Amino acid sequence: YQRRVHGMGDLWMSSSLVVGAVASCSAEACSFPFDLAKTRLQVQINGASTTTYLGMKDVLYSIARTEGLRGWFSGLRAALIRQASYGTAKIASYEHIKLRLEASQMVSHPIRALVAGVGAGVLSSSLCTPTDLVKVRMQTGHHHYNGFGHALYNIAKKEGLMALYKGIIPTTQRAVVITLSNLPMYDLAKHYLVDYLKWKDGTFVHLTAALFSATVCTLVSQPIDVIKSRIMDQPVDPITGRGLLYRSSFNCFQKIVNEEGLKCLWNGATPNFCRNVPWLVMFWVSYEPMKRLAITTQKKSQNYQLKIS
């Protein structure tokens with residue numbers, strides 16, 4: 001029984017939510033400037049942008065020169081709110097689904113991880129699209145919002161309530177791809193290192209597994225990430241509320257490939273990798289010890305309740 005072998009018994013859902021929220025927000029805060037650079041490069045349309053960035057260094061330098069160092073953290077509050085909802089829902093639902101599949105003992109470990117990854121990606125992204133939309137818009141610098149609440153109010157007022165779910169299809173697609181290439185890849189790498197190579201389950205294993213999942217995540221998720229950011233940031237018709245540049249994810253894909261070239265689907269790949277590595281390392285290195293602490297505290301609480309009863 002894998003969960004027992006690793007000493008990571010069942011964790012209460014409430015504890016999983018808290019641990020996931022703290023780990024996700026900590027990782028987001030540490031890697032946010034790279035995420036900002038990634039988004040600015042992704043929404044940059046060749047030949048049509050007023051500001052043209054040459055790469056990650058140019059983005060960060062230009063932002064520091066024109067907006068100050070505080071500009072590196074434009075949209076951080078929205079990003080933390082997003083992680084407190086999306087990131088928490090993702091890790092909690094992933095653990096919950098995986099534990100239920102483990103209890104059934106009907107499928108192997110890799111299949112459990114993949115199924116849990118798909119389920120967690122769909123659930124978390126469909127619930128939290130509005131927070132992702134606000135984060136992207138605040139990062140691009142194309143929209144002038146005073147804060148997260150002001151952004152939500154303005155989008156709903158000017159574009160309609162349904163506009164808060166603009167880009168839900170590519171967001172869900174991206175979430176599934178990222179969750180599949182992140183959580184299961186980390187889980188499978190850790191499983192291989194501990195159970196087959198007999199490495200001691202500790203910080204070095206967590207670092208190695210996190211680096212592996214970050215590499216896979218960046219390679220496979222970048223195109224859909226670019227499409228999602230383009231759709232969320234595009235101008236809309238003030239009457240119909242429909243996007244003026246792209247009709248759908250596939251239409252966006254076609255336009256990027258035909259007008260800008262296939263390589264533009266990987267715009268922002270370097271800052272995305274630079275963001276994913278510290279994000280995933282920070283997340284897993286903080287999540288694993290906090291999870292163990294939560295499980296230990298949970299067991300002590302259960303034992304104490306048994307004694308007094």
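**Close-up views of the predicted model**

**View 1. His142 is found in the loop that runs between helix 5 (109-140) and helix 6 (148-159).** The structure is a predicted model, in which local features need pLDDT of at least 70 and side-chain atom pairs count only at pLDDT 80 or more, while totals for chains, interfaces and linings use all residues. Residues are numbered from 1 along each chain as its sequence is written, and side-chain values use heavy atoms, with hydrogens and water left out. Helices are DSSP runs of H or I with at least four residues, and strands are runs of E with at least two, numbered from the N terminus. With a relative accessibility of 48%, His142 counts as partly exposed, a class that lies between buried (under 20% relative accessible area) and exposed (over 50%), using a 1.4 Å probe and protein chains only. Leaving aside neighbours within four places in sequence, His142 is in contact (heavy atoms within 4.5 Å) with Val43 and Asp233. The C-alpha atom of His142 is separated by 9.6 Å from that of Pro235, although these two residues are 93 residues apart along the chain.

**View 2. Asn251 lies in helix 9, which covers residues 249-260.** Asn251 is buried, since its relative accessible area is 7%. The side chain of Asn251 reaches the backbone nitrogen of Arg247 at a distance of 3.1 Å. When residues up to four places away in sequence are not counted, Asn251 touches Leu245 and Tyr246.

**View 3. Glu67 and Arg40 form a salt bridge in which the closest N and O atoms are 3.3 Å apart.** Glu67 belongs to helix 3 (residues 56-67) and Arg40 to helix 2 (residues 13-42), so this pair ties together parts that are 27 residues apart in sequence. A salt bridge here is a side-chain nitrogen of Lys or Arg within 4 Å of a carboxyl oxygen of Asp or Glu. Of the two partners, Glu67 counts as partly exposed at 38% relative accessibility, whereas Arg40, at 5%, counts as buried.

**View 4. The side chains of Glu159 and Arg137 meet in a salt bridge, at 2.8 Å from N to O.** Because Glu159 lies in helix 6 and Arg137 in helix 5, the pair ties together parts that are 22 residues apart in sequence. Arg137 is buried, with a relative accessible area of 1%. The side chain of Glu159 also meets that of Lys166 in a salt bridge, for which the N to O distance is 3.0 Å. Lys166 is buried as well, its relative accessible area being 12%.

**View 5. Salt bridges that share partners join Glu28, Asp35, Lys38, Arg82, Asp132, Lys135, Arg174, Asp225, Lys228 and Arg275 into one network.** A search of the whole structure finds 16 salt bridges.

**View 6. The protein chain as a setting for these views contains ten helices and zero strands.** Read along the sequence, its pattern is α-α-α-α-α-α-α-α-α-α, and along its principal axes the C-alpha trace spans about 65 × 40 × 40 Å. Buried residues make up 52% of the 309 residues in the protein chain. Among the contacts between residues at least 6 apart in sequence, 75% join residues that are at least 24 apart.

Notes
A polar contact is a pair of N or O atoms within 3.5 Å; within protein, one must be able to donate a hydrogen and the other to accept it, and residues adjacent in sequence count only if both atoms are side-chain atoms.
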